[in-house]
Amino acid sequence: MAKEGPETTEETEHMIEKNGAKEPESVVCAADSKEMRAVLLTGFGGLNKLKVTKKPMPEPQEGEVKIRVKACGLNFLDLMVRQGNIDNPPKTPLVPGFECSGIVEAMGENTTGFEIGDRVMAFVNYNAWAEVVCTPLDWVYKIPDEMTFPEAAAFCMNFVAAYMMLFEVANLREGMSVLVHSAGGGVGQAVAQLCSTIPNVTVFGTASTFKHEAIRHSVTHLFDRNVDYVAEVRKISPDGVDIVLDCLCGENTGKGLGLLKPLGAYILYGSSNMVTGETKSFFSFAKSWWQVEKVNPIKLYEENKVMAGFSLLNLLFKQGGCSQVKSAVQKLLSLYSEKKIRPLVDSLWALEEVKEAMQRIHDRGNIGKLILDVEKSPTPLMASDSTETSEAGEEEEEHEGDNDNKERMPFIQ
């Protein structure tokens, strides 16, 4: 049985009030019920496969922590999951999402290290986009008092991935140079901040032109994502760079390897070039695969170059990397406490606005991290186009030609 005494509601309400929630009463009522709101992916495909619905509230099993969710992270990977554009996609229907922050509400048997009311952030193997989650103890971390819930939801995936790639895989040191694609995204901004903690590190970044003004301060040299960045980097650093962090794949793999200095490291951690439309495209997949330069190990040996891949979720969920990830989180929280790093939150969205939030990621419109705020109400403009379904489960199909969603904006920080 879960450890959940009569003080749970009182302590949870106290923590909610402490963190400035506007309507603690509604949250307490939700805690008393056995149902919760959650985003449901009914099948792989477009935005019309998402809806907000009621689901039975989970209870913690042995070794698990039950969290009353306050905020969830939204990543480009979630968009690829929605399309079914990943290896071994899970069965649908499912609740998407891999990270969240909130308040500990209960614990399963043989679960220690936390108390009811603790403020935490956590990794979740799916099911994060809901009012309540249960996740293994080893994937949960306490957050500092000064860290907001949106910041905490923006912390785990982006900063841990950036930290482990830079310091565990590539061994970033003083005086080195780094090229990072999508420099305006959540991981890109985490990379830029972490590089600033090491003296004399030069950061080259690519991003959409409209993002340049907002992120120019964080990157040493910034290029438009559509220009020949290889030539631009060579103008500044003829020998190339020490580290390439590539979330694009396709033709950028060969370009990245070609830019490496001797003993340099190329790390692939995504394949966003495969996503071109709202649904999975076999053509985009085939094109990206075809454009990947076939790597000759002998050439790597002769040129003293390192080629690596990094998947944080595979490391954590499939390869037993809990201790490595926990160590990275502890070091990152120290940097946060020293005010050397801080998650950049692009915007806050209600669960009912998940379609619009995903469209913003698809359009590469975000600067930093998009957050689903569980307690946020949908903006009036979106109220008539909510992802809520009727009790009969009916859902309106979206018109693909309707671009109104792109102009609908939530609270943007």
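A: Buried denotes under 20% relative accessible area and exposed over 50%, with partly exposed in between (1.4 Å probe, protein chains only). The model is predicted: local features need pLDDT of at least 70 and side-chain atom pairs pLDDT 80 or more, while totals for chains, interfaces and linings use all residues. Residues are numbered from 1 along each chain as its sequence is written, and side-chain values use heavy atoms, without hydrogens or water.

The open sheet is built from 6 strands in the order S10-S9-S8-S11-S12-S13, with parallel pairing; helices (H or I, at least four residues) and strands (E, at least two) are DSSP runs numbered from the N terminus, and a pair requires at least two DSSP bridges. Strand S10 (221-224) and S13 are the edge strands, and each has a single partner, so one side of each lacks a neighbour in the sheet. From one strand to the next, the twist averages 15° (angles run from 0 to 180 degrees between N-to-C directions, with axes fitted to C-alpha atoms, for helices over the stretch in contact).

Within this order, S8 pairs with both S9 and S11. Its parallel pairing with S9 comprises 4 bridges, and Val-178 has Val-203 of S9 as its bridge partner. On the S11 side, 3 bridges join the two parallel strands, and Leu-179 is partnered by Val-244. Ser-177 and Leu-179 point one way from S8, whereas Val-178 and Val-180 point the other way; all are buried.

S8, helix H6 (residues 186-195) and S9 form a right-handed β-α-β unit, meaning that, with the strands pointing away from the viewer, the path from the first strand over the helix to the second runs clockwise.

Helix H8 lies across S8, strand S9 (202-207), S10 and S11, and runs at about 155° to S10. The buried residues of H9 (residues 251-259) are Asn-252, Thr-253, Gly-254, Gly-256, Leu-257 and Leu-259.

Asn-88, in the loop between H3 and S4, has a positive phi of about 50° although it is not a glycine, and it counts as exposed because its relative accessibility is 71%. Lys-339, in the loop between helix H13 (322-337) and strand S14 (345-349), has a positive phi of about 60° and is likewise exposed, at 72%.

Key:
Contact = heavy atoms within 4.5 Å.
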